[in-house]
Amino acid sequence: ARQLPQRLSITFLICFYSATTTMHWRRHARQEVEATLLREQHTAYGAMLNAFYDVVLELDSNLKILSSGRELSYFLNVRPGQSLEGAEFQEFLPVEDECLRFLHNMRRPLKQDESIADVMH
């Protein structure tokens with residue numbers, strides 16, 4: 001009679017551990033799938049942009065060049081062969097008015113129905 005509560009407790013603990021572990025692994029699997037989909041989407045967008053544009057850059061939140069710095073250096077004939085990654089993008093805008101407009105547009109908050117592509121065009 002005394003073993004029944006112990007068995008119930010152990011059964012409950014095993015079920016609780018199993019449920020917690022299952023939830024953890026499902027959450028982890030979902031995060032992995034979402035990360036893979038995001039990487040694939042990013043790659044697809046990059047491939048599409050590369051088909052239409054000579055150079056496609058990725059900038060960080062400080063407007064520094066994160067990727068394609070070497071392609072930009074060849075395109076602009078600025079330090080050919082050397083990567084411009086880490087450089088501030090606005091350094092390569094030759095007209096001061098364009099530079100100021102670019103900085104203004106990139107730093108202003110987006111409207112609800114606006115995307116960063118709207119700001120750039």
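Cys99 touches Gln90 and Leu93, residues up to four places away in sequence being left out of the count; contact here means heavy atoms within 4.5 Å. The structure is a predicted model, in which local features need pLDDT of at least 70 and side-chain atom pairs count only at pLDDT 80 or more, whereas totals for chains, interfaces and linings use all residues. Residues are numbered from 1 along each chain as its sequence is written, and side-chain values use heavy atoms, with hydrogens and water left out.

Cys99 is placed in helix α3; helices (H or I, at least four residues) and strands (E, at least two) are DSSP runs, numbered from the N terminus. With a relative accessible area of 13%, Cys99 is buried, where buried denotes under 20% relative accessible area, exposed over 50%, and partly exposed the range in between (1.4 Å probe, protein chains only). Cys99 and Phe89 are separated by 10 residues in sequence and by 9.3 Å in space, C-alpha to C-alpha.

Both Cys99 and Phe89 belong to the largest nonpolar core, which has 10 residues: Leu63, Ile65, Leu72, Leu84, Ala87, Phe89, Phe92, Cys99, Phe102 and Leu103. The most to this core is given by helix α3 (residues 96–107), with three residues. A nonpolar core is defined as a set of buried Ala, Val, Leu, Ile, Met, Phe, Trp, Tyr and Cys residues joined through side-chain atoms within 4.5 Å.

Leu72, a further member of this core, lies in helix α2. Leu72 counts as buried because its relative accessibility is 6%. Apart from neighbours within four places in sequence, Leu72 is in contact with Val55, Leu57, Ile65, Leu84 and Phe92. Between the C-alpha atoms of Leu72 and Glu85, 13 residues apart along the chain, the separation is 9.3 Å.

Helix α2 also holds Phe75. This residue, Phe75, is partly exposed, at 48% relative accessibility. Its contacts, not counting residues up to four places away in sequence, are Asp54 and Val55.

Two residues are noted for their backbone phi. Most residues other than glycine have a negative phi. Leu63, although not a glycine, has a positive phi of about 65°. Leu63 is located in the loop between β1 (58–59) and β2 (65–67) and is buried, with a relative accessible area of 6%. For Asn77, likewise a residue other than glycine, phi is positive and near 60°. Asn77 is situated in the loop between α2 (69–76) and α3, and at 59% relative accessibility Asn77 counts as exposed.

One of the pairs, Phe12 with Phe16, is stacked, at 6.4 Å centre to centre and 20° between the planes. Phe12 and Phe16 lie in helix α1, four residues apart, or about one turn of the helix, and both are exposed.

Helix α1 (residues 3–52) also contains Leu49, which at 34% relative accessibility counts as partly exposed. Together with Tyr45, Met48, Phe52 and Tyr53, Leu49 forms a nonpolar patch on the surface, with about 560 Å² of accessible area in total. Patches are made of residues with over 30% relative accessible area and no salt bridge, like charges being joined within 9 Å and nonpolar side chains (Val, Leu, Ile, Met, Phe, Trp, Tyr) within 5 Å. A salt bridge is a side-chain nitrogen of Lys or Arg within 4 Å of a carboxyl oxygen of Asp or Glu. Accessible areas come from the Shrake-Rupley method with a 1.4 Å probe, and for residues only the protein chains shown count as cover.

Notes. Rings of Phe, Tyr and Trp (its six-membered ring) pair if their centres lie within 6.5 Å; planes under 30 degrees apart count as stacked, over 60 as edge-to-face and the rest as tilted.
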